[in-house]
There are 4 protein chains.
Amino acid sequence: MSAPDYGHAFALWRDHAPQWRAYTHHDFVEGLRQGTLPKDNFLHYLRQDYVFLIHFSRAWALAAVKAGNLSEMRAASGTVHALVHHEMPLHLDICAREGIDAAALEATVEAPANLAYTRYVLEAGYSGDFLDLMAALAPCVLGYGEIGARLAGSGGPYSEWIETYGGAEYQGLCRDVGALIDDALVYRLGAQWHSLPCAAHLAQRFATATALEVGFWDMGLAGP
Amino acid sequence: MSAPDYGHAFALWRDHAPQWRAYTHHDFVEGLRQGTLPKDNFLHYLRQDYVFLIHFSRAWALAAVKAGNLSEMRAASGTVHALVHHEMPLHLDICAREGIDAAALEATVEAPANLAYTRYVLEAGYSGDFLDLMAALAPCVLGYGEIGARLAGSGGPYSEWIETYGGAEYQGLCRDVGALIDDALVYRLGAQWHSLPCAAHLAQRFATATALEVGFWDMGLAGP
Amino acid sequence: MSAPDYGHAFALWRDHAPQWRAYTHHDFVEGLRQGTLPKDNFLHYLRQDYVFLIHFSRAWALAAVKAGNLSEMRAASGTVHALVHHEMPLHLDICAREGIDAAALEATVEAPANLAYTRYVLEAGYSGDFLDLMAALAPCVLGYGEIGARLAGSGGPYSEWIETYGGAEYQGLCRDVGALIDDALVYRLGAQWHSLPCAAHLAQRFATATALEVGFWDMGLAGP
Amino acid sequence: MSAPDYGHAFALWRDHAPQWRAYTHHDFVEGLRQGTLPKDNFLHYLRQDYVFLIHFSRAWALAAVKAGNLSEMRAASGTVHALVHHEMPLHLDICAREGIDAAALEATVEAPANLAYTRYVLEAGYSGDFLDLMAALAPCVLGYGEIGARLAGSGGPYSEWIETYGGAEYQGLCRDVGALIDDALVYRLGAQWHSLPCAAHLAQRFATATALEVGFWDMGLAGP
């Protein structure tokens, strides 16, 4: 099965990120697929992912601040809204079902791997421009899409997680984000953007964020 | 008639802003109330206000980035969403009815008074923290509420504009933003925040933004 | 006499800034050249320029934060140091000789034209990247160089001001900043950067900052 | 021997940072003191520290941008200058003597622990205000001072490193930075700042940065 198509930039960046396979085929991911991941590790991951979502939402809000036109602003602000008003409540629900209430979730101590990743993304956005932010955000958004597409239909105890990211809605979002990135690159740098010096810098942003995703799975696998 | 109550900080800041009355009782505002403002001036104002809204939305998105807790983040991201997905389309509609299409609106050249105001607010947010941003955003949000409440029922050619800001929905939003600001101050600085040195700095932020609102009405009155 | 050569980007941007001549041949500048500018206007300008220098130094510090390599970082941090530890004390000296002491200078109320300009530059730097900041900073640094070079040798009551900017040291600094900008563009965007879509955006940054320089001179001419 | 006195805030923050002793008495530090740290680990640390210095200088430049008065601006810009124009060249010299030339140093791949720390500090500065930045910068500046003061006179192969931080010049800098922080707190929050809600937030900034320093020593000990 071929990987889903999320656009031109993603295809280029993924090919130049040495740890892309280590990220998308991580033992944590295989544990989700085969249903062998211990529940405690999954819950540890879920708690950290909630903290991650807060900073991830802040990063998308920063994208709205740094948008270069109305279409980028709408896409970014729509994503923030979906994350804060739908994704985070959903996370609260799932955790509640597992016996982790809102107070416990809020009290989660951020793991170093979590902190490293989110601050890297936010700093990239603050110090760079909209493109820096997109390149740093892409591995999370689109990597989860690629993992979800590959694992879809695996069944097992983690099928709800799998189908969230493998489902049509999230796959559509990935194609939209891929198009947002491609359009943003052409809008600023022209159709030949990949041959400019800054293309290597953006690919490096993507590769670093990918390496930090590996660290996030490692943290999940190491457990609480 | 007494002014509406938008909370504690607003009451303090308004009293220390030398130009508050010049802003809220500006000749432009009186022209709206009495219906004597020339249509061209109003349309000039509407066009500039559309550009203003873009940067104003960016400033609220920055508030989401700088939020100190989930409640602040939800309030800020909800405001961005309302501005980008409701307020801006509404503006497009009103302008369209007046014969200004989307392309003309997008092509509006930002007036210096507009640029000065929006960049002041954004820079306050970037260089300061969430409170700096709130103090710089408050004169616009809450001043329009105070003006709307005072002008409500005036009728005349500008009654649609007047009732938008004087209506229950916008007045509710003003009370919410006033509460957001009061809560944010107490959350960081405690109940006695107004006696701290930084209180003067925040009041100054509010006063400067108020002065820049006067400049915005001046620009509207000067016309295209 | 031809204008001095401060590099490639400057030459392009200057040609596309509609108000470049209005800025560099402003009546305030002609008043300095002919010695006809009233002393009060000059002192008003000097006081505002002191406030300007503070924010201008902050903008160069932001350039150090956003530098893409060591050479850019050294250039930016060297400029901040020169501004804060040499230029600002020099300003204090000149004002002191004119009877404006440090306390009076610190108490200067920022004029709207001053605020508009400095916040525009800082916000361009925060929201954009190093290049946005350079394009917004260039009209001040290099415009003063061009004015100084043209006015050098005019004599008269403002000859100290004129020779500061027309002198070899400042002219060398302008060539260095021009080279910094050219190098920064090629480093990120390649030698053909001027044919990319973002080139128009950068030229617009330069043009807007030039228009804000005109506003600054207008403010000086209007007087205290 | 009692720890050196770097002011009031530092004393409070250190007492509330659970990992302060783990940081200042880390095995890496003991290895420096006893001369038992393998040379390869020290060189690995030096190379990473060079990358760290670049981002650390950027963070101090951000402090200059966010300064609230001239005295803070002078202190921050003086520190940037010292770091970029003295500390970094010194680092280049030391590394050169050990056979690591400038090109090798520039090519250093940033370790995850290094990235986590520096981005945390920069993001704290961008998202917060001057005080957030100071609280996040303090553990590095003042912790090295405390370590240097304790190890001074130990002799051995790492005596040059030890005496750099234990020497009178660096100790004076620590007292200056401690005073800068105390003054900045009182300037904004008053003499009773430690009883305000935001005091816990600042102490947490310091504690997190301290934990990230532990991660930095761990990385040094783990070796290349």
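How many helices and how many strands make up the secondary structure of chain A? Chain A comes to eleven helices and zero strands, where helices (H or I, at least four residues) and strands (E, at least two) are DSSP runs numbered from the N terminus. The structure is a predicted model, in which local features need pLDDT of at least 70 and side-chain atom pairs count only at pLDDT 80 or more, while totals for chains, interfaces and linings use all residues. Residues are numbered from 1 along each chain as its sequence is written, and chains are lettered from A and ligands numbered from 1 in the order in which they are written.

**Chain A as a whole**

Along the sequence, chain A reads α-α-α-α-α-α-α-α-α-α-α. The radius of gyration of chain A is 17 Å, close to the 17 Å that the globule rule gives for 224 residues, so chain A is as compact as a globular protein of that length; the radius is taken over C-alpha atoms, and the rule is 2.2 Å times the number of residues to the power 0.38. The C-alpha trace of chain A spans about 50 × 35 × 30 Å along its principal axes. Of the 224 residues in chain A, 51% are buried, a residue being buried if 20 or more other C-beta atoms lie within 10 Å of its own, exposed if 12 or fewer, and partly exposed in between, with C-beta atoms placed from the backbone. Among the contacts in chain A with a separation of 6 or more, 79% join residues 24 or more positions apart; two residues are in contact if their C-beta atoms, placed from the backbone, lie within 7 Å.

**Helix 4 and helix 7 within a chain**

In chain A, the axes of helix 4 (residues 39–66) and helix 7 (residues 112–127) come within 10 Å and cross at roughly 5°, the axes being lines fitted to C-alpha atoms, for helices over the stretch in contact, and the angles running from 0 to 180 degrees between N-to-C directions. Helix 4 of chain A and helix 7 of chain A are therefore roughly parallel to each other, a term for angles under 35 degrees. Residues that make this contact include A:Phe52, A:His55 and A:Phe56 of helix 4 of chain A, and A:Val121, A:Leu122 and A:Tyr126 of helix 7 of chain A. By class, the contact of these two helices of chain A has nine nonpolar, five polar and two charged residues, where Ala, Val, Leu, Ile, Met, Phe, Trp, Tyr, Cys and Pro count as nonpolar, Asp, Glu, Lys and Arg as charged, and the others, Gly among them, as polar.

In chain B, the axes of helix 4 and helix 7 (residues 112–127) likewise come within 10 Å and cross at roughly 5°.

**Chains B and D against chain A**

Two copies of a chain are related by a rotation about an axis and a shift along it.

| Chain laid on chain A | Turn | Shift along the axis | RMSD |
|---|---|---|---|
| Chain B | 180° | 0.0 Å | 0.0 Å |

For chain B, a turn of 180° with a shift of 0.0 Å along the axis gives an RMSD of 0.0 Å on chain A. The two copies are thus related as by a two-fold rotation axis. In chain B, the C-alpha nearest that axis belongs to B:Ala61, 2.6 Å from it, and 100% of the contact residues of chain B recur in chain A, so that the same surface serves both copies.The contact takes twelve residues from chain B and twelve residues from chain A. Helix 4 (39–66) and helix 5 (70–97) of chain B are the elements that give two or more residues to the side of chain B that touches chain A, and the residues of that side divide into seven nonpolar, three polar and two charged.

The contact takes nine residues from chain D and nine residues from chain A, and helix 7 (residues 112–127) of chain D gives the largest share of the chain D side, eight residues.

**One residue of chain C**

C:Asp40 lies in helix 4 (residues 39–66) of chain C and, with 10 C-beta neighbours inside 10 Å, counts as exposed.

How values were computed:
Least-squares fit on C-alpha atoms with pLDDT ≥ 70 in both. Parallel < 35°, antiparallel > 145°, perpendicular 65-115°, else oblique.
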